[in-house]
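The structure is shown first.

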Amino acid sequence: MRIATRLRLAAFVPALMAVLMGVGLFISYREATVFQGRQAVATQITGAVADLRDSSVAYHANPEDRPREQYLIVIDRLTRIVEDASFDDAAQAAHLKNIRMVVPDLRSLFAQLVALNGPNAGQMDAALRQEAEERLTAQLFVRSRSVRTEATALADLISQDTVNGQRDILVLTSVAVLLVAAATSFVLIAIVRRVSTSLFALHSGAEAIGTGNLAYRINGLPGDELGDLGESLNRMAGQLESLTVSKGALEDEVLSRRAAEDEVRRLNAGLEERVMQRTEQLEAANRELEAFAYSVSHDLRAPLRGIDGFGHALLEDYGDSLDDEGKDFLRRIRNATQHMGRLIDDMLKLSRLTRAEMRCTSVDISGLATRSAAVLAEAQPDHHVDTRIEPGITVVGDPDLMVVVVENLLDNAWKFSGHNDDAMIEVRSAAVGSGERGFLVRDNGVGFDMAYADKLFGAFQRLHRSEEFPGTGVGLATVQRIVNRHGGRVWAEAAVDEGATFYVALPERVPGDENEEDAS
Amino acid sequence: MSAAEERKILLVEDNADDEALTIRALKRNNIANAIDVVRDGAEALDYMFCRGAWSQRDPGVLPQVVLLDLKLPKVGGLEVLRAIRDDERLRLMPVVILTSSTEEQDIVKSYGLGANSYIRKPVDFDQFSEAVKTLGLYWLVLNETPPK
């Protein structure tokens, strides 16, 4: 049973007590009224009997009409009283019955006495009459006393009965009140005991859970509000426990992540160290390359200059001593020497391209191509070329390097369309990938076999004999080197005798360039 | 002192072939000025400051122009140039760098140290001769040297 219900019931107990006491008082009041009525009857009877005796004494002393009338009135009254009265109690009823039986005797005896003193009294013998009168009087006295005795006994009985009845009521009421009080106390004590037991269990449980024993469960509570509270505490402890478990898992996770981070940091440090080492190696290699290039630049050309110079001196000073073949040999020596000089120069240029710092910005390819074409046209006025340059082509790149790219591509196109009477060179923007800008240089010259396309961009690689088309074979290698440095792509499409098209695609933002911001 | 003595050319050149070719190119282009040749940087400094083998030289006579190679034994051409420019007496003397390389660093350093000109020796002798002719014409004929 719920505590609230119990307390509500316990609250009804005083009300019940009040009702019980009220009922007891009511019963006691009603009984008292009944006893009072009975006592009144007894008192009336004894009063009437006393009046009757007084009247009979008065009449005996003075047998007049008035005492007679008085007596008759009293006897009537007594008759009425005993006829009206009734008693449940057998003893009382017996007394009443005795009185009822005697009262008519009193009336008849008094009537006989009155008759003795009546108008016919003179006819009787005085002594006789005296004797009759005495006899009647004695009988009346006996009967009266009998009634009085009966009435007194009845009154005593009634009185006794009243006392007994009131005592019974008192006892009954007291017992009832005591019983209800005892029951109330019992119920309240039971409630308090159960509540305190539950509270104790709850307190111990809360303390255990509160101090960290999350596996603790509160058991044995009744199914009341405190039981519910215990269940709630148990659920809370369960959730705390699972939370603690997941917290533990989280902490493990954090620890392992931290370890992983440390590992990553360590690896990164190692990586940085290796990068630094590689960078140093690269820088050392670059320095070596630079020293090499410097040395080549100074020392490799001097002997060539000697060969060419003395060859020239020989021709000039001793040309007369040589026949034509000898002179031709000398010329060949000088040509070869000068070619080697150009090779060295181109090689140095190529190596310089990889070392020079890049500064990227927007570059007007159309403008560069136009100037290049003009220079070529001026250098070779005999070679008429129809040059078509789309205006407004721009890319993002180093302007100096882009000049080299455009010059080399146009120079190539010019050179390889040299044998064509309707030579045509086209520079247009090209469709390239997203995030790229590109252009193409197309000529209608001799083209080349695509089977050798992979050799096209190699340094000192040539697809034509130098007698046919002069050059060192560094131009396209240079172009590719520059485009690569910009993170771009260069490729070609061609067919023999059908011209060639060179494509250049450059990213709109050059990776690793510090001046990218300018590139727009 | 003859006019040729007055208008000397100093050639600082370690390569005998280059020396011969330079002199040939000068002669070929009718540049008749006297030519003193020194073959390394140290000797060039001796010449400038009239020391060692050149102790008998008149310090009051300065070359009309110095043709200075950069890559020299003992003391490099740039060091010689620095010494010339650091010296009160020599600092206005015209110095033409005549060398093989067109390395950017060489050109920048040379001008930085006060070179008056920088000429690269071409492999092709015809071009070389043309270059020598032009520089001779310029520095020995057209150019007015600073007053003594």
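Two strands are taken to pair if DSSP finds at least two bridges between them. The model discussed here is predicted. With that criterion for pairing, chain A contains an open sheet of five strands, ordered β2-β4-β5-β7-β6, and the pairing within this sheet is mixed. Its edges are formed by β2(A), residues 385-389, and β6(A), residues 489-494, each of which pairs on one side only. From one strand to the next, the twist averages 10°.

Strand β4 of chain A, residues 423-429, runs parallel to β2(A), and five bridges connect the two. Within this pair, Thr387(A) has Ile425(A) of β4(A) as its bridge partner. Two helices pack on the sheet. Helix α8 of chain A, residues 399-416, touches β2, β4, β5 (436-443) and β7 (500-507) of chain A. The direction of α8(A) makes about 25° with that of β5(A). Helix α9 of chain A, residues 475-485, packs on the sheet by touching β6 and β7 of chain A, and its direction makes about 140° with that of β6(A).

Helix α5(A), residues 225-318, packs against helix α6(A), residues 324-355, with the axes 9 Å apart and an angle of about 160° between them. Angles over 145 degrees count as roughly antiparallel, and therefore α5(A) and α6(A) are roughly antiparallel to each other. Their crossing is left-handed. The residues of the contact between α5(A) and α6(A) comprise 13 nonpolar, eight polar and six charged ones.

Chain B brings a second sheet into view.

Inside the chain B sheet, strand β1(B), residues 9-12, and strand β3(B), residues 65-68, run parallel and are joined by four bridges. At the level of residues, Leu11(B) stands opposite Leu67(B) of β3(B). In general, the strands of a sheet pair through backbone hydrogen bonds, in either a parallel or an antiparallel manner.

How values were computed: Residues numbered from 1 in each chain as written. Chains lettered and ligands numbered in written order. Predicted model: local features only at pLDDT ≥ 70, side-chain atom pairs only at ≥ 80, totals over all residues. Axes fitted to C-alpha atoms, helices over the stretch in contact; angles between N-to-C directions. Parallel < 35°, antiparallel > 145°, perpendicular 65-115°, else oblique. Left-handed = near helix turned anticlockwise from the far one by under 90°. Nonpolar A, V, L, I, M, F, W, Y, C, P; charged D, E, K, R; others polar. Contact = placed C-beta atoms within 7 Å.
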